[in-house]
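Biologist: Hi, could you walk me through this one? I'd like to start with the charged pairs.

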Amino acid sequence: MKFPLHRFAAALAVAAVAALAALPAQAAKDVVFAVASTFTTTDPYDANDTLSQAMAKSFYEGLYGFDKDMKMIPVLATSYEVSSDGLVYTLHLRHGVKFHDGTDFNAEAVKVNLDRVTNPDNHLKRYGLYSVIAKTEAVDPYTARITLKNPFSAFINDLAHPSGVMISPAAIQKYGKEIAFHPVGTGPFEFVEWKQPDYLKVKKFAGYWQKGLPKIDTITWRSVVDNNARAAMMQTGEAQFTFPVPYEIADVLKKKPDLALVAAPSIVIRYLSMNTQQKPFDNVKVREAIAYAINKQALAKVAFNGYAEPAAGVVPQGVEYAVKMAPWPYDLAKAKALMKEAGYPDGFETELWSAYNHTTAQKVTQFIQQQLQQIGIRTRITLLESGQRVQRVESWQDPKTAGVRLYYVGWSSSTGEADWALRPLLYGESWPPTLFNTAYYKSDKVDADIKGALLTTDSKEKARLYKDAQETIWHDAPWAPLVVEKLLSANSKKLTGVYVMPDASFNFTNADLK
Amino acid sequence: MNDRATLVADVEVIRTPWNEFWRKFKRQKIGVVAGIFVVVLVAIAIAAPWIAPYDAENYFDYDQLNAAPSMAHWFGVDALGRDILSRILMGARISLAAGFVSVAAGAVVGTLLGLVAGYYEGWADRIIMRIADVLFAFPGILLAIGIVAILGGGEANVIVAVAIFSIPTFARLARGTTLGLKRLTFVEAVRSIGATNWTIISRHIFPGTVPAVIVYFSLRIGTSIITAASLSFLGMGAQPPTPEWGAMLDAARADMLTAPHEAIFPALAIFATVLAFNLLGDGLRDALDPRLDRR
């Protein structure tokens with residue numbers, strides 16, 4: 001039988017077309033994540049914002065990390081031992097892990113990374129978190145020994161902080177300070193390009209150590225600042241995941257059948273700090289009156305559309321050693337009585353600043369203004385933009401002249417541990433500009449507790465000290481604790497395995513697209 | 001009585017400038033409607049504290065957040081549980097006051113400068129008009145933002161800013177009219193009998209500039225209300241919890257998808273007020289402009 005050549009060619013063409021048509025069935029799994037801010041850097045050691053660090057988990061991993069309940073889990077390390085004096089940590093590392101550039105991950109890489117951040121000449125923003133390290137040594141390829149300057153019982157939590165990642169030593173050598181533009185890690189995705197300020201793209205890393213992962217081919221991180229634009233991208237299918245979903249838009253997205261709206265628990269506490277060194281807030285009765293005068297339940301409704309809960313303590317549940325307390329009650333009569341006792345029956349005028357200038361902060365501050373008006377406190381609202389916040393609050397040199405009075409702000413302890421939830425905010429030596437004790441609170445008892453807890457290696461003793469500290473703080477009321485917010489994200493129902501962690505970073509190692 | 005009536009009828013109606021104006025203005029139907037609207041608005045603004053159904057700042061109902069218009073709340077409830085109608089009524093005070101006060105200040109200063117520049121000419125004219133030109137070079141809102149940036153935010157400063165940016169227009173307007181008037185024979189006649197410069201300006205030239213200034217005044221109020229509302233919208237003007245329309249619009253942005261009424265009512269208030277002032281201004285112009293006289 002003779003088979004004409006042109007027929008053969010035609011058959012071939014048909015086959016080719018069929019093959020092409022079949023391709024979309026197993027098409028590249030490309031997903032777009034729409035986020036609310038631009039990335040400041042890809043170098044987690046040099047980032048102060050949760051978002052940049054969360055994005056960097058595309059290509060970087062740490063020695064330790066957190067699961068979705070904020071429980072610490074080993075990642076590139078497998079286990080550790082600590083010496084009885086609490087000074088020497090010995091870490092055992094995972095075998096067979098490679099960086100994207102082919103370099104082996106080993107103890108030498110750990111040393112290079114920790115030496116880099118602990119060298120003050122590098123001026124990395126997270127220097128403070130790691131400055132407790134005296135030296136790092138590579139004992140053998142898979143054993144690293146870290147010696148601390150002083151005992152610091154939360155040290156492994158520091159390693160699990162999203163900034164503590166392993167960067168390829170070869171890449172650090174090659175790119176030097178430019179490493180932020182050429183990230184090379186061990187993570188599930190390789191860096192492709194960063195078009196500032198629009199997007200950052202990563203692709204699947206074939207040599208990832210967790211077999212079978214990642215399941216998607218590329219992730220494009222898009223920075224879309226406008227809330228409504230982000231919501232629109234989700235509705236048109238331009239993006240498959242977005243965080244945060246503005247509280248006002250939650251109800252709109254909830255109604256879309258192909259979208260899932262997820263409200264995840266968080267360790268983000270929102271509070272009103274009161275400058276305890278200045279009149280009239282030096283009077284504990286005034287501070288208590290303010291805490292009583294704010295209806296926390298109503299605040300959750302007004303500003304968070306119900307996606308928040310009254311704060312049950314100084315440290316949110318989910319953080320290790322957090323002590324749960326009954327939320328501060330709303331009691332107007334008591335608030336008025338306290339104001340009278342304090343000598344301000346007619347109230348006073350004061351400043352109310354907010355650390356943020358977004359709509360939620362606008363609503364929170366106006367709500368607080370409305371509530372405090374009821375006990376005669378008249379407030380002038382200023383929503384600080386980030387530059388003003390640094391200038392007027394965070395880096396203010398002289399506590400005596402600090403202008404901050406009532407200050408609306410929030411905090412999430414990204415080490416998942418009580419130390420980082422208390423020490424930066426309420427320790428006597430953490431007044432601005434050192435750290436963020438914007439209440440200028442100082443209690444010898446709390447200071448001793450925090451210090452003691454860091455030195456002890458006994459977890460029972462640690463729990464006792466942190467409990468005492470939290471109860472003392474609650475009693476002294478340097479803050480009016482407000483709410484713990486929920487983290488609202490939305491994803492296409494086709495996308496699975498992406499979730500927001502309690503500290504507002506993301507986990508997407510197991511992401512898949514149907 | 002009878003005699004007198006006959007007498008008046010014989011010499012036709014006595015034509016004072018006022019009933020001359022009224023006779024012409026009556027024909028501007030749209031202008032009259034706009035004028036009535038403005039009068040009602042002013043009445044509302046004055047009576048606001050008594051007619052507002054709720055306290056504009058301190059009434060709140062957290063069970064009604066973002067509620068749509070209803071019998072209890074005609075314009076609905078905002079994101080902080082406040083009654084929008086009450087806030088708009090109280091807001092009328094702020095917007096009208098901002099509009100009137102700022103334009104009045106700008107008109108007084110501007111007209112005075114324009115009279116001086118137009119009457120004396122020479123270096124006074126050159127200095128005043130060059131400064132006016134510099135101010136003219138900026139788009140109005142940009143100039144206002146610049147002034148507020150220097151003076152700081154707040155309602156009072158917004159009024160100052162809007163007044164400053166109204167000055168050059170009035171100065172130019174008064175100067176143009178003055179230049180035309182001072183060459184007319186009646187001015188020369190007054191000068192020849194020995195009147196002082198001050199008398200000539202205040203008694204003979206100034207009245208001639210009034211119609212143009214009045215027309216421009218009413219047109220300018222619309223612009224000023226918009227500018228003041230814009231500054232508040234941008235967070236530089238009225239501070240919370242003041243129920244300023246622009247600030248209300250700004251606060252409504254967040255909930256626009258789910259509760260559009262929070263944006264619609266303040267926007268409508270600004271729109272209707274500004275439109276009314278502009279239409280009133282058009283009507284006044286047609287009534288007062290001698291060139292448009294079609295008796």
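Modeller: A salt bridge here is a side-chain nitrogen of Lys or Arg within 4 Å of a carboxyl oxygen of Asp or Glu. Bear in mind that this is a predicted model, where local features need pLDDT of at least 70, side-chain atom pairs count only at pLDDT 80 or more, and totals for chains, interfaces and linings use all residues. Residues are numbered from 1 along each chain as its sequence is written, chains are lettered from A and ligands numbered from 1 in the order in which they are written, and side-chain values use heavy atoms, with hydrogens and water left out.

Biologist: OK, how many salt bridges are there between chain A and chain B?

Modeller: Two. In a salt bridge between Lys363(A) and Asp255(B), N and O are 2.7 Å apart.

Biologist: How much area is buried between chain A and chain B?

Modeller: About 1700 Å², with 58% of that from carbon and sulfur atoms. Buried area means the accessible area (1.4 Å probe) that two parts lose on being put together, summed over both. The contact (heavy atoms within 4.5 Å) takes 18 residues from chain A and 18 residues from chain B.

Biologist: Back to Lys363(A): which residue of chain A does Lys363(A) pair with in a salt bridge?

Modeller: Glu248(A), at 2.9 Å from N to O. Those two are 115 residues apart, with Glu248(A) in the loop between β11 (241-243) and α8 (250-254) of chain A and Lys363(A) in helix α12 of chain A.

Biologist: Are Glu248(A) and Lys363(A) buried or exposed?

Modeller: Both are buried, meaning under 20% relative accessible area; exposed is over 50% and partly exposed is in between (1.4 Å probe, protein chains only).

Biologist: What about inside chain B, which residue does Arg175(B) bridge to?

Modeller: Asp125(B), with the closest N and O atoms 2.6 Å apart. Arg175(B) sits in helix α7 (residues 155-181) of chain B and Asp125(B) in helix α5 (residues 122-137) of chain B, so the pair ties together parts 50 residues apart in sequence. Arg175(B) is partly exposed at 22% relative accessible area, while Asp125(B) counts as buried at 9%.

Biologist: Where is confidence lowest in chain B?

Modeller: In helix α1 (residues 2-10) of chain B, at a mean of 49, whereas helix α4 (residues 84-120) of chain B is highest at 94. These are pLDDT values, the predictor's confidence in each residue, from 0 to 100. Where pLDDT is low, the predicted coordinates should not be read in detail. Chain B as a whole has a mean pLDDT of 88, with 94% of its residues at 70 or more.

Biologist: And what are the model's ipTM and pTM?

Modeller: The model scores 0.82 for ipTM and 0.82 for pTM.

Conventions: Helix = DSSP H or I, 4+ residues; strand = E, 2+ residues; numbered from the N terminus.
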